[in-house]
Amino acid sequence: MATQTKVQQLFDCTCGNKAEPHKMPVQRIVVTAAPDVAPVSVLDTLTNVWHDATLFYGPGAVMAIAYDPADAATRVIKVARSWAKSHGFTAEPYEAGDPIVARVAPDGAAPVPGDDRPVYRYAA
């Protein structure tokens, strides 16, 4: 069984909070699929996540889009993967235990029990 190489775990943050660049975790965002969605809604939501990441970590913030491998063929994940590629970011299957910083989910999706990370919503 082939093992996929994951994106780096740290990047050089240039947020301005310290005089020198410093190591910060890659902003791994888990995207949850929905059965029917307008692609622009997903694109807008991912752009909002990216905007927030650059505010906190500087323009060099590194993101990785993660998704459930079972959802890889859905329209939402295809759009998210295309968005990641066009912005120079990685899109990779999510595995339990991978560190994540936020989620992108459709409106109305149930929260993940015990997960207090931010959730960005898209219209579905």
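These legends go with close-up views of a predicted model.

Residue numbers count from 1 along each chain as its sequence is written, and side-chain values use heavy atoms, with hydrogens and water left out. Local features need pLDDT of at least 70 and side-chain atom pairs count only at pLDDT 80 or more, while totals for chains, interfaces and linings use all residues.

**View 1. Confidence along the chain.** Here pLDDT is the predictor's confidence in each residue, from 0 to 100. The protein chain averages 85, and 91% of its residues reach 70 or more. Among its elements, α2 has the highest mean (95) and strand β1 (residues 10-13) the lowest (70). Helices (H or I, at least four residues) and strands (E, at least two) are DSSP runs, numbered from the N terminus.

**View 2. Helix α1 against helix α2.** Helices α1 (residues 39-57) and α2 (residues 75-86) pack at about 45°, axes 10 Å apart; axes are lines fitted to C-alpha atoms, for helices over the stretch in contact, and angles run from 0 to 180 degrees between N-to-C directions. On the α1 side, the contact (heavy atoms within 4.5 Å) includes Leu-43 and Trp-50, and on the α2 side it includes Val-79 and Trp-83.

**View 3. The open sheet.** Five strands line up as β5-β4-β3-β6-β7, with parallel pairing; two strands pair if DSSP finds at least two bridges between them. At the edges sit β5 (90-93) and β7 (119-122), each pairing on one side only. Neighbouring strands are turned by 25° against each other on average, direction ignored.

**View 4. β3 beside β6, and the helices on the sheet.** Three bridges join the parallel strands β3 (residues 27-31) and β6 (residues 102-106), and Ile-29 stands opposite Ala-102 in β6. Helix α1 packs on the sheet, touching β3, β4 (63-67), β6 and β7, and its direction makes about 155° with that of β7. Helix α2 also packs there, touching β3, β4, β5 and β7, at about 165° to the direction of β4.
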